[in-house]
Amino acid sequence: MTSVRVLSVASEIYPTIKTGGLADVAGALPGALAAEGIEVRTLVPGYPDVLRALEAAEEVVRSELFFGGSARLLAGRSSGLDLFVLDAPHLFARTGNPYLTPDGVDWPDNGLRFAALSHMAAEIALGAIASFAPDVVHAHDWQAALAPAYLHYRGRPRPGTVMTVHNLAFPGLFPHDLLSAIDLPPESFVIQGVEYYGRISFLKGGLQFADRLTTVSPTYAREIQTDEGGMGFGGLLRERADRLSGILNGIDVAVWDPATDPRIPGNFSAGDLAGRAANKAALQRRLGLEVVPDALLLGVISRLSSQKGLDLLLETIPTVLGQGMQLAVLGSGDRDLQDGYRAAMQAHPGLVGGWIGYDEDLAHLIQAGADALAVPSRFEPCGLTQLCALRYGAVPIVSRVGGLEDTVVDADDAALVGGSATGFKFAPVTTEALAGALRRAAAAFRSKFDWRRIQLAGMATDVSWRRPAAHYAALYRELAGMRYT
Ligand code: ADP
């Protein structure tokens with residue numbers, strides 16, 4: 001098999017800089033692809049944390065005037081990943097959340113910042129680095145999505161391009177008058193270009209011009225072709241349906257391995273679940289919950305946003321408590337939801353606990369100690385927390401949307417008897433349906449036999465990157481064998 005070289009372009013990458021699942025994917029996929037004979041280098045912005053973590057850095061490109069300042073492209077390694085880092089201090093020398101000011105609003109120059117990232121990707125694709133000529137450019141989400149558009153408008157021989165949509169809800173919208181500052185030609189501002197209801201959509205650049213489109217689950221790939229799920233892109237995606245596929249995400253099964261996880265007090269495996277009891281007690285103590293082994297402890301690890309349906313869970317707390325459950329919430333995001341969960345913790349001490357913020361250690365402890373994990377999303381491109389939950393024996397309770405539909409087998413009667421059930425699913429996404437799923441879960445929990453079977457079937461599910469990586473490798477090989485001008 002000949003090796004294929006891929007330039008992956010992402011605005012965040014685990015473990016150095018992460019706000020969500022995109023970072024997990026960008027960080028884990030290259031390793032899984034190496035086993036398929038695919039060589040990946042990832043282009044990321046030079047945020048301070050990224051520059052600090054970069055080893056063996058070497059300058060490969062220098063530009064005195066690049067999007068309003070001087071910039072260097074550095075090649076190096078970090079946490080086992082081969083990186084290109086766009087060191088442009090005027091754009092990226094900012095700590096904290098990569099997209100938001102310390103006050104929590106978008107940086108006003110986000111358009112310039114991520115156009116610059118995509119522009120550098122196009123430069124590399126067109127030969128800026130003699131020692132690295134990619135066969136394929138793979139752009140992730142709106143922050144990288146202009147790369148295929150730049151390559152299209154240059155009109156030169158180029159590598160094939162893939163655009164992956166991790167979340168269609170972020171179209172990357174900017175005013176029309178940014179066009180020349182980001183080096184897009186006037187003719188690009190048309191419906192067949194990057195124009196989106198009078199503004200520029202970076203995401204649309206990728207959706208329109210990438211040779212292949214992928215999203216992160218087969219069900220989400222179908223949903224985004226509808227008017228309801230398409231967020232204004234449904235028509236375009238229907239037109240390009242023959243180029244669009246859904247490839248499920250995996251998780252890094254070395255980082256998420258209950259048998260070796262250093263962040264939890266009780267390691268365990270499907271063969272010996274005993275360690276879970278120690279994790280549950282540690283979790284209950286940490287969050288100020290009553291330390292009782294027999295209450296079903298329901299966990300949540302999530303951004304607090306309307307997408308995630310956590311307002312529904314807040315309204316369902318009477319059912320949660322009525323069924324004798326406890327609730328452990330880890331999340332941050334919308335102020336109303338943060339306030340709502342804080343209020344619930346105060347109103348129900350010992351029964352509802354949690355932490356409003358971001359905490360990876362606690363995320364691992366919840367997966368390892370909670371009995372179940374709730375993911376009641378209104379839409380969910382793939383979802384990673386339910387995959388971690390499956391691996392950790394926390395039974396997922398999820399809405400029937402996107403990747404949640406594709407990764408959890410509902411414990412209906414047939415699946416329970418057949419032993420294939422791995423969780424509980426509900427539809428439509430309403431408080432009533434969620435409450436119904438919680439009641440079904442509580443009943444199964446009371447029958448220890450059913451619960452154990454569901455847990456073990458979940459833990460036996462392959463949630464690794466092995467299969468997804470094979471799909472991406474096949475896609476890259478197909479593109480690498482073609483010519484694009
Ligand atoms: P999204 O990318 O839409 O936020 P995903 O389920 O795809 O959702 O990925 C979320 C990732 O972020 C998971 O790895 C999850 O464990 C992690 N995560 C989310 N919120 C928190 C938090 N408050 N603390 C720690 N990890 C979190």
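On a 1 Å grid over the protein atoms alone, a cavity is a set of points where a 1.4 Å probe fits but cannot get out. Grid points are joined across faces, edges and corners, and a volume is the space filled by probe spheres set on the points. By this rule there is one cavity of 30 Å³ or more.

Before selecting anything, note that this is a predicted model, in which local features need pLDDT of at least 70, side-chain atom pairs count only at pLDDT 80 or more, and totals for chains, interfaces and linings use all residues. Residues are numbered from 1 along each chain as its sequence is written, and side-chain values use heavy atoms, with hydrogens and water left out.

**Stop 1: the cavity**

Select Ser8, Val25, Ala26, Leu29, Pro30, Leu33, Val40, His138, His140 and Tyr476, which line the largest cavity; lining residues have an atom within 4 Å of a point. Helix H1 (21–34) and strand S6 (136–140) are the elements that give two or more residues to this lining. Helices (H or I, at least four residues) and strands (E, at least two) are DSSP runs, numbered from the N terminus. H1 gives the most, with five residues. The volume of the largest cavity is about 50 Å³.

**Stop 2: a ring pair**

Rings of Phe, Tyr and Trp (its six-membered ring) pair if their centres lie within 6.5 Å; planes under 30 degrees apart count as stacked, over 60 as edge-to-face and the rest as tilted. The model has 17 aromatic pairs. Select phenylalanine 84 and phenylalanine 132: their ring centres are 5.4 Å apart and their planes at 70°, so the pair is edge-to-face. Phenylalanine 84 is in strand S5 (residues 81–87) and phenylalanine 132 in the loop between helix H4 (110–125) and S6, 48 residues apart.

Phenylalanine 84 is buried (under 20% relative accessible area; exposed is over 50%, partly exposed in between; 1.4 Å probe, protein chains only), with a value of 2%. Phenylalanine 132 is also buried, at 2%.

**Stop 3: two tyrosines**

Select tyrosine 196 and tyrosine 197, an edge-to-face pair with 4.9 Å centre to centre and 90° between the planes. Tyrosine 196 is buried, at 14% relative accessibility, whereas tyrosine 197 is exposed, at 67%.

Key:
On a 1 Å grid over the protein atoms alone, a cavity is a set of points where a 1.4 Å probe fits but cannot get out, and a pocket is an open set with protein on both sides within 12 Å along at least five of seven lines; lining residues have an atom within 4 Å of a point.
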